[in-house]
Amino acid sequence: MWLASFYGVASVACFLAYAIDKSAAVHQRRRISERSLLLLGLFCGWPGGWLAQQTLRHKTAKTSFQIAYWCSAVANVAVVWWLCTLF
């Protein structure tokens, strides 16, 4: 249960970061770095990042970002699965 809660909180934070970055892009303001977005996803926020990408149509056309995003999501799932098998 705690793991699902952690993913939920991290996903909400990641979704909000994508929304803020999308707004900044539209209004030509300072952006959130791609590295920060990817790190939020890596630390269990990737479901929220995916939902934000689909909902906001943000960061979906940049192939290099998509590759890095999915690599970070797979890495997160692999590490969490490995940790769960240890305990």
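Which helix is Lys22 found in? Lys22 is in helix α1. The notes below start from there.

1. Basis. This is a predicted model, in which local features need pLDDT of at least 70, side-chain atom pairs count only at pLDDT 80 or more, and totals for chains, interfaces and linings use all residues. Residues are numbered from 1 along each chain as its sequence is written, and side-chain values use heavy atoms, with hydrogens and water left out.

2. Lys22. Lys22 is partly exposed, at 26% relative accessible area (buried is under 20%, exposed over 50%, partly exposed in between, with a 1.4 Å probe and protein chains only). Leaving aside residues up to four places away in sequence, Lys22 touches Leu56, Arg57 and His58; contact means heavy atoms within 4.5 Å. Its C-alpha atom is 39 Å from that of Leu86, 64 residues apart along the chain.

3. α1 against α2. Helix α1 covers residues 2–26 and helix α2 residues 34–56. Helices are DSSP runs (H or I, at least four residues), numbered from the N terminus. The two pack at about 60°, with axes 7 Å apart. Axes are lines fitted to C-alpha atoms over the stretch in contact, and angles run from 0 to 180 degrees between N-to-C directions. The residues of this contact divide into 17 nonpolar, 7 polar and 2 charged. Here Ala, Val, Leu, Ile, Met, Phe, Trp, Tyr, Cys and Pro count as nonpolar, Asp, Glu, Lys and Arg as charged, and the others, Gly among them, as polar.

4. α2 against α3. The axes of α2 and α3 come within 9 Å and cross at roughly 90°. That makes α2 roughly perpendicular to α3 (65 to 115 degrees). Residues of α2 in the contact include Leu38, Cys44 and Trp50; those of α3 include Phe65, Tyr69 and Val80. By class, the contact has 15 nonpolar, 5 polar and 1 charged residues.

5. Core. The largest nonpolar core has 8 residues: Cys14, Ala17, Tyr18, Leu37, Leu38, Ala52, Phe65 and Tyr69. Such a core is a set of buried Ala, Val, Leu, Ile, Met, Phe, Trp, Tyr and Cys residues joined through side-chain atoms within 4.5 Å. Helices α1, α2 and α3 (63–86) each give two or more residues to this core. Leu38 touches Phe65, Ala68, Tyr69 and Ser72, not counting residues up to four places away in sequence.

6. Backbone. Most residues other than glycine have a negative phi. Cys44, in helix α2, has a positive phi near 75° and is buried at 7%. Lys59, in the loop between α2 and α3, has a positive phi of about 70°. Lys59 is also buried, at 14% relative accessibility.

Conventions: Parallel < 35°, antiparallel > 145°, perpendicular 65-115°, else oblique.
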